[in-house]
Structures are given as structure tokens and as C-alpha cells.
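Hi everyone, thanks for making time.

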Protein chains: 2
Amino acid sequence: MSGDARTGGEAVAAGAPPADWLDAVRWDAAGLVTAIAQEAGTGRILMVASMNREALAETARGGRAVYWSRSRGRLWRKGEESGHGQAVRELRLDCDGDAVLLVVEQDGGIACHTGRASCFFSRLEAGRWVVADPVLKDPGSIYRREPGR
Amino acid sequence: MSGDARTGGEAVAAGAPPADWLDAVRWDAAGLVTAIAQEAGTGRILMVASMNREALAETARGGRAVYWSRSRGRLWRKGEESGHGQAVRELRLDCDGDAVLLVVEQDGGIACHTGRASCFFSRLEAGRWVVADPVLKDPGSIYRREPGR
């Protein structure tokens, strides 16, 4: 039963498959799940975003990363404005079903709206956040209309 | 101003440091932030959890991963029951301040309460989640009292 599948990651993974693999995801009260994009090959963490059921279904179906933009309240097909989409090589679910991992190939090698490879470019050093990674491309040349990811 | 720091990751990272680096984190309504643990060296994503301000402060201070257990409603010093703690080598913040990345050395090479290296052991294959990683240690021998991470 999918009801059982929601309560235990172990049951999801080891027992009978749920009628729908999307039911194995433990969606939060807003219908979202945390999604992490990791670059294939380098293993670099590129970004963290949210997905709703539709976003995850489309991602699995089409092989291109689709998130849910909480700020815009709509599906966010990664790269629709920046051109920096993501080809999904692997999808993983964690043991309690509340986080999804996407192993991706990042178009242009840039995931962040700041023009950096990864959104995690700030590193804690001696009590302050320090920019640790370079801007690879001017955001102004990435976004024709408006900045933002 | 820390108020400004909360609204823009770029300002946080590039401008004057906030009075307190913890103010640069965009805590959610529950006072939590998403925390990802990645294994140093391998780059493997080990787990995703939450941190409150106290957990992140203690993690940075002590160099050992401390999370906030939502199910227990208390600080969760990773490894306190399992022995599988995490030594933190690096802390990173993403561009909009709502996710923290911990690069860690994982005690025992096991992060998951199921006895696996990573909590992301389920992989989507042909419409179902399949266990892709082996159990390295019987959870019954990890937890003397009760299972759970």
C-alpha cells in the first residue's frame, strides 16, 4: 500500500513497489520535497531547490530537471531563461523519502544565477562567509530579461 | 545590516560581513535551514537534515555535525547513538541563504540508520525505487536501544 510506503523508506525500497513511485515520496504540507542537484563526474553540489509532484514526474519523464519555484508559484524548467538546464542521469530518494537527489550534467557548467558553477560559493572562514568560487559568466549576459534563477 | 544580508546571497558574500554570520542564513518560519552532508574525498551525498541556529553554531564551533531532529524536537548530535558522527571539514552557504552544505568525514563510513554509507540508497529504475547500495553494518548492532537516525 502506498500508505505504508510513505511511513518507511526501508519498506519503500525493499518491499513491494508502490503502485506509483511518486507515492513513495514524503511530500511536505505544501506538497513539496527537497531536491539536490549534484554534478555527474565532479560530484559537486550545484544547488538545492524544491519539487512538487508534477515537477518530479516531468523530470523523470523528460530527463531534464524541473523544479517548483516557490517565489514564482509555478513550475521552473531549469534553464528556461538562463539556458543552463540540467540533463538528469540518475534520480535517488533518501531513506525517509523527504529528499530527492538528482545527478545531472549541467549545461554550460553554470548552475547559479550569479554565473558561478554552484550556488554554494560561500565558505565559512573565521566567522564570516567568504566567496570561494569565481564567476564564470556575467549574469547580465546570461539573462536577457530579468536576473534570478 | 543583517536585514539586507537576509535578502541577497550576493550581498552576504561580497559585501561587508554581517555582524553575525548566522544572520546571513535565511531561517524558515520554523527557525530551520536545510543541511546537506557530503563526504570529503568521495563527494558522496550522505544525508539531508535540518539545523536550527543553535545546531549550526555548535557545528561551526565544535567541528562535529549537530542537526535539529524534527521528530524528537531536540538537538541531534550526529553519532550520539550510532557512533557514526561527522567531522566537519568545510561549511558552505548557498546563494539565497536557505541551504547549508557540510563537507564531512563520516565516522565508520556509515551515515544512514539502515547501516548504509548514504541515506540516498534508492535509485529510480524503470518506474520504481530500487535499493542500489549495500548494508555495510546491521542496524541492530549499531543501535543498542532503538533504531532511528
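**Where chain B meets chain A**

Across the interface of chain B and chain A, 16 residue pairs are in polar contact, both residues at pLDDT 80 or more; that term means a pair of N or O atoms within 3.5 Å, where within protein one must be able to donate a hydrogen and the other to accept it, and residues adjacent in sequence count only if both atoms are side-chain atoms.

A word on the basis: this is a predicted model, where local features need pLDDT of at least 70, side-chain atom pairs count only at pLDDT 80 or more, and totals for chains, interfaces and linings use all residues. Residues are numbered from 1 along each chain as its sequence is written, chains are lettered from A and ligands numbered from 1 in the order in which they are written, and side-chain values use heavy atoms, leaving out hydrogens and water.

Now the salt bridges, meaning a side-chain nitrogen of Lys or Arg within 4 Å of a carboxyl oxygen of Asp or Glu. There are six between chain B and chain A. One joins B:Asp133 to A:Arg92, with the closest N and O atoms 2.9 Å apart.

How much area is buried between the two chains? About 3,800 Å², with carbon and sulfur atoms giving 62%; this is the accessible area (1.4 Å probe) lost on putting the two parts together, summed over both. On chain B's side, B:Arg92, B:Phe120 and B:Trp129 supply 21% of what that chain buries against chain A, more than any other three residues.

Finally, contact, meaning heavy atoms within 4.5 Å: 45 residues of chain B touch 45 residues of chain A.
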